[in-house]
Amino acid sequence: MLTISNLKAGYGESSVIKDLSFTLKENEILGVMGRNGMGKTTLFKSLIGLLPAFGGEISLDGEDITSYATYKRVYSGLAYVPQGRMIFPNLTVTENIKIGLEKTKAKKVPDYIYDIFPVLKEMGHRKGGNLSGGQQQQLAIARALVTEPKVLLLDEPTEGIQPSIIKEIAQILKQIRDMKGISILVAEQVLSFSLDACDRFVVIESGDFIHEADRADVDPDKIKSLLAV
Amino acid sequence: MFAEYSFEEIKSILIMQSFGGLSLLCIYVLMGLGLYVVFGQMGVINMAHAEFLVIGSYTMCLASKFVVDHMPTFINHYLWIAIPLSFGVAFLVGWIVEWLLISRLYKRPLDTLLATWGLSLIMQQCFRTFIGAREMSATLPDWLMGSWAPTDTIDIPINGLVILATTIILTTGLVIFTRKTRWGLRMRSTSQNRDMSQALGINTKVTDRFTFALACGISGIGGAFLTTVASTSPTAGTAYIVDAFLVLVLGGLGSLFGLVISAGFLALLSSILEFFMTGSMAKVWLYLIIFIVLAKFTKGLFSSKVRT
């Protein structure tokens, strides 16, 4: 599905991601675990094209998208939910979702979005900036989902969210994967969330993967020790 | 100050000066609308914005000259072609300026300020070189001249009414365009967060270019209407640019409603003050009042309040 080969990325002359290679399989939820500053956000920004890759290749369903502008990657099938959600604060909830309809050119928000996130229907006319953190996270996922992606990239979806909502988001991700048949790459620091949501785990440190485990043989203590400061 | 006037006279003066200020209000709004889009939405301080107003004025003047010279029977109707033409020429120049200059400076606001100031000087010199340094006026249709007198002491100029109607139509059109169309949504999202807009599939380069050109085009329309109340010259726009920025800041960046209210407030106040004192003293009082209002409402009168 999404294949990354020898990816190098960073800021200016500073290299953060160093020669990273991995594959996200079809219908898989892959958790990228790591402490702050280890390269999770840099990896996600370079995948969606907000940071240029210094080298390597990103291919989606066999199509090399490395040189594509960000908006073209969305047309190819990538969707991005950034860290901090980046809701458009002065647009209404419905308008926020409608921006995601740029690719499909649909006029109306698909009904399944409101089936998954009923609160967004109730708050359709409210400004995005006036929602709670949890509601904004749902809006950010809904907005990415309406682009009809093949791969959904989520950067720390639990950041600033209360524990009861975190469990709900894990369930929603699995529901989306099953309903839409898409693959999900999620960056996280909260182990309980990842154990709830992910099929496979990798741990990133200084821009490289230092540990990988499938759900069947994951050792939570090992990951916890790798995430400890 | 009021001792030499009767109550009826003061009432008539206030009403007529208000209508006198109406034309100014409309020019402020038309110029402010362009700034609302380019500064309020894109965050670009375009010091050359006034020159796009002048482009509109010159287009109108040259169109009227062409009609007078070659198609004199068309003089009563050319306005309906000259105004869209003013929009089109200013839009086209704006598109080219965004492509060649502004697009390279989006993350460098101070450089944009300097570059657009330089651009304004270049444009003014181009007007002098290719059109001439002398003031120029458009020949107006007969139906636009004269006035309407609802009472014996009140005369309302017809050109003021036409400008008012056009301003209302344009402002309403811009509100509908930005709120109800896909282009409008693209413009609003790109102005709020360029990276996130791209990450949702919007080609922000084209959106920025269109937005900037649209702002210039609207200013061009303002310039076309300016010729109905004043003559134009290479530096004609500079008289309005500071006031237009003040209108925008006073109303609150990003608030179209605030823009219209503050344009009305400034234009009427300016017009009434200028009747009772010299133009310079009227400006002093006007800026003092704005200073007091902005000291109290630092983000303008109608800024939006949301969690970011």
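## Packing exercises in two chains

Leaving aside its neighbours within four places in sequence, Val260(B) is in contact (heavy atoms within 4.5 Å) with Val29(B) and Thr171(B). This is a predicted model, in which local features need pLDDT of at least 70, side-chain atom pairs count only at pLDDT 80 or more, and totals for chains, interfaces and linings use all residues; side-chain values use heavy atoms, leaving out hydrogens and water. Residues are numbered from 1 along each chain as its sequence is written, while chains are lettered from A and ligands numbered from 1 in the order in which they are written.

### Exercise 1: Val260(B)

*Solution.* 
- Helices here are DSSP runs of H or I with at least four residues, strands are runs of E with at least two, and both are numbered from the N terminus.
- The scale calls a residue buried under 20% relative accessible area, exposed over 50% and partly exposed in between, using a 1.4 Å probe and protein chains only.
- Finish with a distance: Val260(B) and Gly34(B) lie 226 residues apart in sequence, and their C-alpha atoms are 12 Å apart in space.

### Exercise 2: helix 9 and helix 10 of chain B

Describe how helix 9 and helix 10 of chain B pack, and list the residues that meet.

*Solution.* 
- Two packed helices are described by the angle between their axes and the distance between the axes. Axes are lines fitted to C-alpha atoms, for helices over the stretch in contact, and angles between N-to-C directions run from 0 to 180 degrees.
- Helix 9 (residues 238-251) and helix 10 (residues 256-276) of chain B make an angle of about 125°, and their axes are 8 Å apart.
- Angles under 35 degrees count as roughly parallel, over 145 as roughly antiparallel, 65 to 115 as roughly perpendicular and the rest as oblique.
- The crossing of helix 9 of chain B and helix 10 of chain B is right-handed. Handedness is left if the near helix is turned anticlockwise from the far one by less than a right angle, and right if clockwise.
- Helix 9 of chain B brings Asp243(B), Leu246(B), Val247(B), Leu248(B), Leu250(B) and Gly251(B) to meet Gly258(B), Leu259(B), Ser262(B), Ala263(B), Phe265(B) and Leu266(B) of helix 10 of chain B.

### Exercise 3: helix 2 and helix 4 of chain B

Repeat the analysis for helix 2 and helix 4 of chain B, ending with the residues that make the contact.

*Solution.* 
- Helix 2 (residues 49-70) and helix 4 (residues 109-130) of chain B pack at about 20°, with axes 10 Å apart.
- Helix 2 and helix 4 of chain B are therefore roughly parallel to each other.
- Helix 2 of chain B passes helix 4 of chain B in a left-handed crossing.
- Glu51(B), Phe52(B), Val54(B), Ile55(B) and Tyr58(B) of helix 2 of chain B make the contact with Ser120(B), Met123(B), Gln124(B) and Phe127(B) of helix 4 of chain B.

### Exercise 4: two residues of chain B

Locate Thr167(B) and Leu214(B), and find what each touches.

*Solution.* 
- Thr167(B) belongs to helix 5 (residues 158-180) of chain B. At a relative accessible area of 4%, Thr167(B) is buried.
- Not counting residues up to four places away in sequence, Thr167(B) touches Cys26(B), Val29(B) and Leu30(B).
- Leu214(B) belongs to helix 8 (residues 204-226) of chain B. Its relative accessible area is 10%, and Leu214(B) is buried.
- With residues up to four places away in sequence not counted, Leu214(B) touches Phe87(B), Phe91(B), Leu174(B), Phe177(B) and Met187(B).

### Exercise 5: positive phi in chain A

What is the phi of Asp61(A), and what is that of Glu156(A)?

*Solution.* 
- Most residues other than glycine have a negative phi.
- Asp61(A), although not a glycine, has a positive phi of about 55°. Asp61(A) lies in the loop between strand 4 (53-60) and strand 5 (63-64) of chain A, and a relative accessible area of 46% makes Asp61(A) partly exposed.
- Glu156(A), also a residue other than glycine, has a positive phi near 45°. Its loop runs between strand 7 (151-155) and helix 7 (163-180) of chain A, and at 7% relative accessibility Glu156(A) counts as buried.
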